[in-house]
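Me: I would like to go through a structure feature by feature. For each one, give me the general idea and then the case at hand.

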Amino acid sequence: GRMVVCAMMFSVASFAQSGKSTASVHFNYLLDSPKNMGFGANYGYEFTQNVRGVAQFDYFLKKDGISYSNGNVNVEYLFRLADSKVTLYPLAGLNVWGGSWDGGSDSKLGLNIGAGVEVPLSSSVAFKAEYNYKTQYDGFSTLNVGLVFPLSMLQS
């Protein structure tokens, strides 16, 4: 009986540890024509020590008469480099890419394939750089750089 209770308490403790959530704000750059710039934000939740689910929204400012928006749901596999505290991650997921222009709009569902790196600047903020390849419209790429914050106030 005690072994079962100990095992249950241990699994609850390890799940609580893995339930770390983060928020990020970032600057976006569309690497392909018309090379729009923009900004975005995301929310990440670590389901296990190495697997993080992320919901992200990006907005690209109007250029050449077109603005873009992009909703993403990704899964990241986190490789934490122990000595430096740097985290590297490949990512894969789904996105809806939309364009708006005077008199029209279009949106398509596609896949995300990419990778990123997070470098801690302090205990409460990390620098992030992330590359995303999107499969719609014969494929195109985005780059984002920004800051990641642990949402420790939600984890009391």
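Me: What share of the 156 residues in the protein chain is buried?

Reply: Buried means under 20% relative accessible area, with exposed over 50% and partly exposed in between (1.4 Å probe, protein chains only). In this chain 36% of the 156 residues are buried. This is a predicted model, where local features need pLDDT of at least 70, side-chain atom pairs count only at pLDDT 80 or more, and totals for chains, interfaces and linings use all residues. Residues are numbered from 1 along each chain as its sequence is written, and side-chain values use heavy atoms, with hydrogens and water left out.

Me: How many helices and strands does the protein chain have?

Reply: Helices (H or I, at least four residues) and strands (E, at least two) are DSSP runs, numbered from the N terminus. The protein chain has 1 helix and 9 strands. The order from the N terminus is α-β-β-β-β-β-β-β-β-β.

Me: How is a pair of aromatic rings described?

Reply: By the distance of the centres and the angle of the planes. Rings of Phe, Tyr and Trp (its six-membered ring) pair if their centres lie within 6.5 Å; planes under 30 degrees apart count as stacked, over 60 as edge-to-face and the rest as tilted. The whole structure has 6 aromatic pairs. In one of them, the ring centres of F60 and W97 are 5.2 Å apart and the planes are at 50 degrees, so this pair is tilted. F60 belongs to strand β3 (residues 51–63) and W97 to strand β6 (residues 86–101), so the pair ties together parts 37 residues apart in sequence. Both F60 and W97 are buried. Ring pairs also link F60, Y68, W97 and F140 into a cluster.

Me: Which ring does the charged end of R52 sit over?

Reply: A charge sits over a ring if NZ of Lys or CZ of Arg is within 6 Å of the ring centre and within 35 degrees of the ring normal. For R52 the ring is that of Y89, with the charged end 5.5 Å from its centre.

Me: What share of the contacts between residues at least 6 apart in sequence joins residues at least 24 apart?

Reply: Contact means heavy atoms within 4.5 Å. Among contacts in the protein chain between residues at least 6 apart, 48% join residues at least 24 apart.
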